[in-house]
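My notes follow in the order I took them.

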Amino acid sequence: MTDKTLLTRLVHGGRHNPPDGGTPVNPPLVRMSTVLFDSVAHMQDIRARRGSERLLSYGARGNVTGFALEDLITELEGGYRTRLFPTGLAAITQMFIALLEPGDHLLIADSVYEPVRHFARHFFDKFGIHYDFFAADGHDLEEKILPSTRMIYLECPGSIVYELCDLPKIAAIARPRDILVATDNTWGAGVLYRPLALGADISVSAATKYLGGHADVMMGAATCTEAVWSRLAASCDAMGVAVSPDDSWLVLRGARTLAARLQMHQEHALQVGRWLQGHDAVETVFCPALPDHPGHGLWRRDFSGTNGLLSLSLKDRSQQTAADVVDRLRLFGIGASWGGFESLATLSNMTTIRSVTDWSERPTVIRLHIGLEDPVSLIADLAQALPANARETGTNKD
Ligand SMILES: *Cc1c(COP(=O)(O)O)cnc(C)c1O
C-alpha cells in the first residue's frame, strides 16, 4: 500500500493476511458479494463459464460456504447437483417456476405441506399453470394424468398424518410419458428416504428442519438429476435466488450431527408413540413406523428409519378438547416447524389441508415433534395434559 491516506487505508488495509499453520476442520465462513479477478480477460472467462460450471463469480451466484453445503446435500440425496434457497417453501415454488411452462398441467399429492396448496391456489393462474390434486396414496394418479401433465409433485410421507405412496411405481408411470417426478424429502432429511434412487427427478427439502436441526436457521434445497439441473439453475440465476454464507454455515454445522440426532428422535418418538397408543383418550396415533399405520409396509420397504414426528387424534373429536390438551403441555412448545432438538405441539384442521380425502368426521389432529428431552418426562407431560378418562369428557362420539 503506497497511498497512506486514511480513506485509502480504510479500503485496502487488513485484507490479505492468510495465517500460517494447519487447516481448520470446518470450511471457513466466507461472506462475500463482490469477487475480484486478476484481469478483464479473467473476469470475462469466468462469467462466460459460470452458467455451466460452478465458479465463484458474484455473491448471488453462490459462495464458498454455500458450495460446501450444496456438496453435502448432493451427496446425501445422491443427485447431480443441489441449489440452495432462503426457505424450504422457496425451494418448492422456485422449482415449479423453473420447470413448468404456461399451459403445463401439474399433479399435486393431497398430502403436501399446506403452503404449497396456498401457492397453487393463488399464483399458478398467473403463470398459466393448471393443476389437480391426487390421493396421497397415489391410487387415482394414473387416471388424473392429462396429455399436458408435465410434473407429479408429492410428499412422502405426507404432512401431518404421514400417508405413504409407492414412489417407484409412480416414477414408472411418469417416465414413459416424459413427466417429471418431484418430491418433498423434508421428512426423510436426506437420510431416511432417497427419492432420487427410487425414481424421482428432483428432491426438494426444508433444511430448516432436521439438517439445520437447532431451530435457528431457515434454508431450502433442491437436488436433481443432471438432465434437470441446467433449467433449475438458469431460472434461479435469472431470479436472483441466493442464500447467505452465515446461514449455509449454520446448516452445515447442524448437519454434522444429523444421524445421531435422528436416531435419538426416532427412539424417543417410538417410545412416546407406543405409550400414546395405550392411552384411553387417544383414538389414533399417526406414525408410519407403527405397524397399524396404513403405509407401514411401504415405509418398511423404502425407508431406513423414522424421525421425531408423531400425530394423534382424540376419541373426543372436539377441537376445543384438543386445544386444551396442547395448552396444558409444559415441556412441549406451541409453534410451527419441527426438526430442532426440542419438542413441539401444534393443532391441525385436516379439512383445510386435504381436498381429495374427506376428513370432516375427524378434522382435528395434534401434531407432536418429539425432541431430544428424556422421553419419560415427555410421557409424564402428555399424561397430565390428556383427558384422564375419555368417557368422562361427555362429548365422546364413539
Ligand atoms: C416446513 C416444511 C417446508 C417448508 O420449509 P420452510 O423452510 O419453513 O419454508 C416444506 N415442506 C415440508 C414438508 C415442511 O414440513
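This is a predicted model: local features need pLDDT of at least 70, side-chain atom pairs count only at pLDDT 80 or more; totals for chains, interfaces and linings use all residues.

I sorted the lining of the second largest pocket by class and got nine nonpolar, eight polar and five charged residues. My classes: Ala, Val, Leu, Ile, Met, Phe, Trp, Tyr, Cys and Pro are nonpolar, Asp, Glu, Lys and Arg charged, and the others, Gly among them, polar. A pocket here is an open set of points on a 1 Å grid over the protein atoms alone, where a 1.4 Å probe fits, with protein on both sides within 12 Å along at least five of seven lines; lining residues have an atom within 4 Å of a point.

Numbering runs from 1 along each chain as its sequence is written, and side-chain values use heavy atoms, with hydrogens and water left out.

Back to that second pocket: 22 residues line it, and Val161, Glu163, His293, Pro294 and Gly295 lie nearest its centre. Strand 8 (282-286) and helix 11 (296-302) each give two or more residues to this lining, and strand 8 has the largest share with four. I take helices (H or I, at least four residues) and strands (E, at least two) as DSSP runs, numbered from the N terminus.

Next I checked the largest pocket. I read off about 620 Å³, counting volume as the space filled by probe spheres set on the points, with grid points joined across faces, edges and corners. Its lining has 34 residues, with Tyr113, Pro115, Lys209, Trp338 and Arg367 nearest the centre. Strand 11 gives the most, four residues.

Then the rings. How many aromatic pairs are there? I count 11, pairing rings of Phe, Tyr and Trp (its six-membered ring) if their centres lie within 6.5 Å; planes under 30 degrees apart are stacked, over 60 edge-to-face and the rest tilted. Tyr193 and Phe303 are stacked, 4.0 Å centre to centre with 5 degrees between the planes. They sit 110 residues apart. Tyr193 is buried at 1% relative accessible area (buried is under 20%, exposed over 50%, partly exposed in between, with a 1.4 Å probe and protein chains only), and Phe303 is buried at 9%.

I also found Phe286 and Trp359 with centres 6.1 Å apart and planes at 55 degrees, so that pair is tilted. Both Phe286 and Trp359 are buried.

Last item: ring pairs link Phe96, Phe119, Phe123, Phe124, Tyr131, Phe133 and Tyr153 into a cluster.
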